[in-house]
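This report goes through a two-chain model, from one chain as a whole to selected parts of the other. The structure is shown first.

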Amino acid sequence: MTAHTQHQTQEKELSKTDPRVKLIAAKMKKENYKPDALIEILHTAQNSYGHLPMNVLKYISKELHLPPSRVFSTVSFYHFFSLKSKGEHTCLVCTGTACYVKGAQQILNEVERVFNLKPGQVSADNKLGVQVARCIGACGLAPAVIINDEVQAKADSDAIIAKLKSKMETV
Amino acid sequence: MNRHDLKTIIYAEKAKEQNNKQKHKLCVCCGAGCISSGSEDVLKKLQEEVKHRGLESEIDIIPTGCMGPCNQGPLIKCLPEYAVYQKVDCSNISRIVQSQLIDKKPIEDLLLFADSRPKPFIDAQEDPYFKKQMKIALRNCGHLNPEKIEDYLVHDGYKAYDKVLFEMSPEDVIAEIKQSRIRGRGGAGFPTGFKWETVYKYVSKQKYVICNGDEGDPGAFMDRSVLEGNPHRVLEGMAIAGYAVGASKGYAYIRGEYPLAIKRFELAIKQAKKLGLLGTNILGSEFSFDVEVRIGAGAFVCGEETALIASIEGKRGTPKPRPPYPAESGLWGKPTLINNVETLAAISPIINNGGEWYSEIGTAKSAGTKVFALAGKINNAGLIEVPMGTTLREIIYDIGGGIQGGGEFKAAQTGGPSGGCIPAAHLDVKMDYESLTSLGSIMGSGGLIVMDQSSDMVDVARYFMEFCMDESCGKCVPCRVGTKMMHDLLQKICDNKATALDLERLQELAVYVKEASLCGLGGSAPNPLLSTLRHFREEYENRIIHPEVKSKTDLQPTT
């Protein structure tokens, strides 16, 4: 059933008065509807939606006169773009070399054990999403974890689990 | 604005600076590392404290870029004494202000490296950590406010740009760069001067300059720190490059993972435009140049130049066969110059001090300095810049402060997933392009991960292969399939399920992938495997079961 509802929401017609749609429209206008600005426009779209719903991609492809396949293939190529919601709260574990050497995997294992979520998965209630990054460039502070855009330096698994639990309870 | 107006502004700013010379300066590191450790709160608290004590007229508080020792952050540097305080938190700010600025007595137990040195240096410049370094690309990174163009102007900012525009021809600029012998800092080490000359020689109405800030190597954060700490320096380098090769448009391609770098670079462009340093007829000269930021979307392969160009054009970032090189046919088919952030950051000092000055630093074949990102099992993780030819031992023990927890050094990994490992036996290797290549590693962009005895080298090779497998764009078969097969074989060895035949096949595959791949990603993907095999072969062999099985004929089904 969940899959069905999700499908329906994704295919819903975009409302032109939605402020998020307006943002994307303004960005496309600013870029003169040039197809080479596709990635920039996708960044704007993802920033306002948190991910890239299918109807938004269709809207962008129509406006830029690009085949939907071209838009979709670009989205699926880059790690940064996500077709699915990332969850209300996000826990992103850096698995760059420095973090790896200093035990990022143990943190991931612990997160998986406690919340039963593997990297790329979102909890059933959409409260928490777990992701991994290749390197966030905070190697001096390894291992690093980003919880809702806030970098947790020299992370240890207990503190991360506690922080995630408290975040999930507050909202 | 013309040249005269700019000089007036600089003159006024310098006069202001002169008047402020008596003032104490408190530089608070606001690099990405220190911000993650809470330096923004420290900055706010410090401003409150100074205001509360009514010292605003005597003390300047400057939020700066990265100072280097990231894992000791947040850092505060007091000038002119050059006392650096580490791990500052809001509770000891009042103490620092009172003691350092009013009583003029540094607090020794809070000084940089107070916990690791028998006695910390009151003047941090005396500390071997700083003494062994030589900052050219990172110069002023921890001194000036990256969000203020005036700060940059006071520190001779855009001086080289002005000199180039009014006193030098494009040929002169290229000659100067060639004389400096600087080589591309992105990893491959191609001579920058020759690259510039090639682009210059192609006749075209439209040419482009691209700044490659898609720092994808895990374990590298040099470009990030330069872009965050001194964005104007990179912008100036791009504009000088534009003038030299005859380009009128520049793109800075910055990783989407670096929001602060993007923000500061965009701000720098805005400020430079306002002062007429970008735009048409810059400072009254014939030269016009404009820069735009393009945000990367998280694909390691986009560090490869042809893939990066495809990404700027809004496409999937897949590489193209070369030739034609971007210098001939790059962005939208036009001649394009692509340089790394660090290379561009070194341009203005070369113009200001002359190519000869730069060429005398470093070794015979690798001139200048190199920024390294020290990370892993090392005490002083962070960002350093040393002359080429500094030995690995000096970097790890004198600057890096040795191995964390008193462990034993096992290997240093350079060049990320395209590089290799340097074992303890080669600790005295000189860090330059040739020496590292001869050991089977590469200089790479400058990530330097230190490993101790607890690191399993086979697993390290597997880790990097997994990375390459995941990041392979899928365009060519050797890379797409080869990295997957090599990864599976490495996984088999890690699981203690492999035979000697697997190891043999692994080496065979490594050669195929290396030789047959379309771009550098596949071409260098086997490097971590080959170098760990070369230096730590016994770790592989110890895990092999049935070492007697050497060929396919030995592998008869047992049933």
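A residue is called buried if 20 or more other C-beta atoms lie within 10 Å of its own, exposed if 12 or fewer, and partly exposed in between, with C-beta atoms placed from the backbone. Helices (H or I, at least four residues) and strands (E, at least two) are DSSP runs, numbered from the N terminus. The model is predicted: local features need pLDDT of at least 70 and side-chain atom pairs count only at pLDDT 80 or more, while totals for chains, interfaces and linings use all residues. Residues are numbered from 1 along each chain as its sequence is written, and chains are lettered from A and ligands numbered from 1 in the order in which they are written.

**Helix 7 of chain B**

Helix 7 (residues 159–167) of chain B has these buried residues: B:Ala160, B:Tyr161, B:Asp162, B:Val164 and B:Leu165. Their cover includes helix 1 (3–19), helix 8 (170–180), helix 11 (231–245) and helix 15 (347–353) of chain B. Here and below, two residues are in contact if their C-beta atoms, placed from the backbone, lie within 7 Å.

**Chain A and its interface**

Chain A has 8 helices and 4 strands, in the sequence order α-α-α-α-α-β-α-α-β-β-β-α. Its C-alpha trace spans about 50 × 40 × 25 Å along the principal axes. Of the 171 residues of chain A, 38% count as buried. Among the contacts in chain A with a separation of 6 or more, 60% join residues 24 or more positions apart.

The predictor's confidence in each residue is given as pLDDT, from 0 to 100. Chain A has a mean pLDDT of 87, and 92% of its residues reach 70 or more. Over residues 1–10 of chain A, pLDDT stays under 50, and the model has 3 contacts beyond four places in sequence for this stretch.

At the interface, 31 residues of chain A are in contact with 38 residues of chain B. On the chain A side, two or more residues come from each of helix 3 (38–49), helix 5 (68–77) and helix 6 (97–101) of chain A. By class, that side has 20 nonpolar, 8 polar and 3 charged residues. Ala, Val, Leu, Ile, Met, Phe, Trp, Tyr, Cys and Pro count as nonpolar, Asp, Glu, Lys and Arg as charged, and the others, Gly among them, as polar.

**Strand 9 of chain B**

Strand 9 (residues 369–376) of chain B contains B:Ala373, and 8 of the 8 residues of this strand are buried. Two strands pair if DSSP finds at least two bridges between them. The pairings of strand 9 of chain B are listed below.

| Partner of strand 9 of chain B | Sense | Bridges |
|---|---|---|
| Strand 10 (residues 382–387) of chain B | antiparallel | 6 bridges |
| Strand 13 (residues 447–452) of chain B | parallel | 4 bridges |

A hairpin of 5 residues joins strand 9 of chain B to strand 10 of chain B, and B:Thr369 has B:Pro387 as its bridge partner in strand 10 of chain B. In strand 13 of chain B, B:Gly447 stands opposite B:Ala373.

B:Ala373 counts as buried because 27 other C-beta atoms lie within 10 Å. Leaving out residues up to four places away in sequence, B:Ala373 touches residues including A:Cys139, B:Phe221, B:Leu383 and B:Gly447. B:Phe221 is 152 residues from B:Ala373 in sequence, yet their C-alpha atoms are 6.0 Å apart in space.
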